[in-house]
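Hi there,

Here is the structure I promised to hand over. Have a look at it first, and then read my notes below.

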Amino acid sequence: MFPFVEKRRIAYIVVGVILLAGIISYFAHGFKLDIQFQGGTEIKYTMKDANFNTEKAQSVISEAINKSVSVVSSKNFEGTMNYMVVRVASEQTLTAPEILKVQTELNNAGFIVNVDPQITNINPSIGAEIMRNGILAVFFALLLIIIYIAFRFKAISGWSAGVIASIAILSDALLMISVYLIFSISLNESFIAGVLTVIGYSINDKIIIYDRIRENSTGRKKGSNVEIVNLSIFQTLTRSINTALTAIMSLAVVFILSTMFQISSVAQFAFPMIIGVAFGCLSSIFIAGPMLGAYKEANAKNNARGTTSKSRR
Amino acid sequence: MRGKNAFKFWSVIIATAILVVFALTGLNVGKDKLGNNIQLIKSASSIRTGIDITGGVSAMLEPAAGESDPATLKTDLATVKALIEHRLDRQNILDYFVSTDDVNGRVIVEIPWAQGDTSKNATKLIQDSVVTAKLYFQEVKVSDQIPATSAPTYKPGTKTPAPTKKPAGTPAPAIYNLDGGQYVKVGSVILQGTDIANATSEWDAQSGQHVLLKFKPTGQQAFSSATARLSKQTPKGLLGIFMDEDLISAPSVNDAITQSTAIITGKFTAQETADLADKIRTGNLPFKLNVVQINVINSQLGQQAYTVTIYALLIALLLIMLFMLIYYRLPGLFAGVALLTHTALQLLFISNTGITITLPGMAGIILSIGLAVDANVIIFERIKEELRSGKTLRASVDAGFKRGFTAVLDGNVTAIIAAAVLWYFGTGAIQSFAITTLIGISLSFITAVTFSRWMLKATSDWDIATHPWLWGVSKKKKDVELGEGEVAK
């Protein structure tokens, strides 16, 4: 049986390193925000071929609407579609007449653009509001789930277990944020949805392990707290892994297919959930369980030594 | 297998078969005049899709700064909603969704494209039918800034001529183009759209196709004094009719108009006067609207993405069923059947309640397939343990469900909390994800817990199904585990 409790410090160090890397990235380049949170305008025209002068398009548009824009050329995955992507800086969004004007002027300048472009135009204040709501949602969900844990764990293993489980799910959320910081992936509402789903998923994992610890320690089991916790983690291991596997399987199919066909909105949605479910599963096995084991052991030792002892583990 | 258990077992199998067929084809009761199936139960293919799939436009509108009155905001927003709906109806756009957010003072407009329609210019549609706000009458004169003859002509494909240098000093007034002529505004607004009681499209032999305006008393007074003044000018004064910053008509005023009606004449077709009357009638938004958010989705891309997610759903379903079958054998097979029921039920629920599915919503359905088997995994693992500890099959199945249930409940409650919060705080497409996961989690209670329990209980007293291999427990392993029995309970 794997000594989960004894080896817990390895897990703490791994988590610590990732969080530290996240913090360093934050001070190095900060969060990268998606257009959805930051606001701005993006127009994506489908073009006949890739032979168009982006610099010329840029000057035509800038002249037409008197705002600075960036124009880049892009393709879809199979290379069958060509796009011209026009972006406007975040503090400036385009009004509907301006978007129409861009279209007319591009046509006048010899760029044949379709009348049915993809347009994302978000006012920065709305973007900030969506982001604020997202952050609120994460806090609110955490709060509700902690209340639920408190209520449930009173019966299972007492408050200490509830606190440790909350620390573990908080670390899941922080790890997800760190990954996004380290790799400078832009944050949007999909990420928030991912964090919330993972919080809901991850706590369940912890409850199941704790439930087993309680069952094993109140039963006719012999052995130290550490042994009981190790056994409980081991007994629920198949379940923890299989559940994470089926969840990741379904998400991975979505992620792989949507990446293959360049449906970025869907790929962006599945990605945070995949890493979150993986973190959630690992943190249940290597953090939430062992931490409770260590706590119980320390508690038991203290009790054995009586009130005179001040040494803690 | 006999009696009540057998009945339940076959009920589940038959129900699954029926549900899958319904999800695929629906329940058709004849055909309508156009040859389309009339569906009593709607199949998965008639699920309503959001504009990120059908293509279309969604816009969020806000009153321009300082134009809205907090006291009347709520009724004003309702007026705006009604007007926008009316305008869209008049444009023959029948599939739209307009909602108001009274708290934040916003109007949200969503217009999906009809299937295969790629001709729509979304921005123009929003500009013309939604944002255009104010109708007003103001005196105009022919512009003398740039001689009309040398007005730049724009041809598609040619380069825009360099803007003419404006004379230094006072900034040049805005120039409004109408039928090749150029006009500038003079004086202040004479009449607002709110001063007009009604506008209709008319025809008579004398005036031809024209628009008949009917004034409110305030309008009548303002209009009569203004027309009295304009008709005395030489040449006769021009009365500009503006829709926001568009000059839509500039008739010359021949006489003072003192009665409560007036007509706008010109070289109009019946369609044009109908449109103009319509614009005047519905052109009175209580305030000018700003587009704070607009998303336009190309229909082709959305449909392609939807197809991909459908494939993803089928592949994920198949993979998970296979995984469960290989890992858990007989119980795994039942979990697969339950999962099939789960997916069919979820799709039927969504199609028959008319819930709109977006791409994240599809991801939610697929994720809930992955999560639904969690209940089965928990229970089956428990059954295996009970079997290894030496219990009979029957007792193990009972104990597995009994002991596993609280864990399943916990998992579902926490997932429901997270989804509900997401639904409350999320916007549009994300809310669809929250809804599909909520439906999925709730349904998995019925399918993964109840249905698979019925199937397992029925087979647990069926001689042929009691071989340990079928339950994933080998004799050898059992002995090993039994050695640990005092610990493993």
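Domain bounds here come from an automatic or database domain assignment. With that in mind, chain A is divided into domain 1 (8-34 + 125-302) and domain 2 (40-122), and the C-alpha centres of these two domains of chain A lie 41 Å apart. For chain B the assignment gives domain 1 (3-32 + 41-46 + 298-488), domain 2 (56-133 + 285-297) and domain 3 (134-150 + 174-281). Between domain 2 of chain B and domain 3 of chain B, the C-alpha centres are 26 Å apart.

Some ground rules before you go on. This is a predicted model, in which local features need pLDDT of at least 70 and side-chain atom pairs count only at pLDDT 80 or more, while totals for chains, interfaces and linings use all residues. Residues are numbered from 1 along each chain as its sequence is written, and chains are lettered from A and ligands numbered from 1 in the order in which they are written.

How confident is the prediction for chain A? The pLDDT (the predictor's confidence in each residue, from 0 to 100) has a mean of 85 in chain A, and 93% of the residues of chain A reach 70 or more. Over residues 308-313 of chain A, the pLDDT is below 50, and this stretch has seven contacts in the model beyond near neighbours in sequence. Two residues are in contact if their C-beta atoms, placed from the backbone, lie within 7 Å.

Next, the place where the chains meet. On chain A, 66 residues are in contact with 69 residues of chain B. Which helix supplies the largest share of the side of chain A that touches chain B? That is α8(A), with 14 residues. By class, this side of chain A has 38 nonpolar, 21 polar and seven charged residues. Here Ala, Val, Leu, Ile, Met, Phe, Trp, Tyr, Cys and Pro count as nonpolar, Asp, Glu, Lys and Arg as charged, and the others, Gly among them, as polar.

Now to chain B, which has twelve helices and 14 strands. Both are DSSP runs numbered from the N terminus: helices are H or I with at least four residues, and strands are E with at least two. Of the 489 residues in chain B, 44% are buried. A residue is buried if 20 or more other C-beta atoms lie within 10 Å of its own, exposed if 12 or fewer, and partly exposed in between; the C-beta atoms are placed from the backbone.

The axes of α8 (residues 359-388) and α9 (residues 393-425) of chain B come within 7 Å and cross at roughly 145°. Such axes are lines fitted to C-alpha atoms, for helices over the stretch in contact, and angles run from 0 to 180 degrees between N-to-C directions. The contact of α8(B) with α9(B) has 13 nonpolar, four polar and four charged residues.

Finally, two single residues to look up. Val413(B) is in helix α9 of chain B and counts as partly exposed because it has 18 C-beta neighbours inside 10 Å. Ala89(A) sits in the loop between β3 (82-88) and α4 of chain A. Why is Ala89(A) partly exposed? The reason is its count of 14 other C-beta atoms within 10 Å. Leaving aside neighbours within four places in sequence, Ala89(A) is in contact with Gly40(A) and Ser68(A).

Enjoy exploring!
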